[in-house]
Amino acid sequence: TLEQLRPGLRQLAMNGAPAPIVGHELADQRGVVMAEAELAWPSVHGVVLTFEQADLADAWRAAGWRVLVLDADAATIEGIGWVDAVSEILRIHNVGQGGSV
């Protein structure tokens with residue numbers, strides 16, 4: 001995954017989050033890839049998209065996934081720390097430097 005996301009992934013792991021799938025692909029019924037996510041947690045149907053992948057958000061949503069899009073700085077999602085946003089969809093308590101959920 002992106003270098004700047006690695007400390008947050010370590011923090012999520014320390015807080016008990018399951019490991020994400022990196023580069024998860026959304027395929028149609030024929031197996032044609034329609035979208036890709038930077039990080040995905042299939043157990044909760046949640047994905048994190050990079051700022052550059054924002055145009056793929058509608059495809060994920062149409063397939064029933066919760067979509068979080070990183071801001072251009074790759075540190076936040078809609079102005080809050082991305083670890084906090086992911087912690088919320090994973091329903092875990094974030095006790096690290098990003099705050100708490």
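Which residues have the most contacts inside the largest nonpolar core?

1. The model is predicted, with local features requiring pLDDT of at least 70, side-chain atom pairs pLDDT 80 or more, and totals for chains, interfaces and linings using all residues. Residues are numbered from 1 along each chain as its sequence is written, and side-chain values use heavy atoms, without hydrogens and water.

2. L12, W41, W82 and V86 have the most contacts inside the largest nonpolar core, which has 17 residues. Such a core is a set of buried Ala, Val, Leu, Ile, Met, Phe, Trp, Tyr and Cys residues joined through side-chain atoms within 4.5 Å; buried means under 20% relative accessible area (1.4 Å probe, protein chains only). Two or more residues each come from α1 (6-14), β4 (39-41) and α3 (82-90), and α3 gives the most, with six. Helices (H or I, at least four residues) and strands (E, at least two) are DSSP runs, numbered from the N terminus.

3. Not counting residues up to four places away in sequence, W41 touches L9, L12, P18, A19, P20, G46, V48, W65, V86 and L90; contact means heavy atoms within 4.5 Å.

4. The axes of α1 and α3 come within 10 Å and cross at roughly 35°. These axes are lines fitted to C-alpha atoms over the stretch in contact, with angles from 0 to 180 degrees between N-to-C directions. G8, L9, Q11 and L12 of α1 meet W82, V83, V86 and S87 of α3.

5. L68 belongs to strand β6 (residues 66-69) and counts as buried because its relative accessibility is 13%. Leaving aside neighbours within four places in sequence, L68 contacts V47, V48, L49, I77, A85, V86 and I89.

Key:
Buried < 20%, exposed > 50% of the residue type's maximum accessible area, 1.4 Å probe, protein only.
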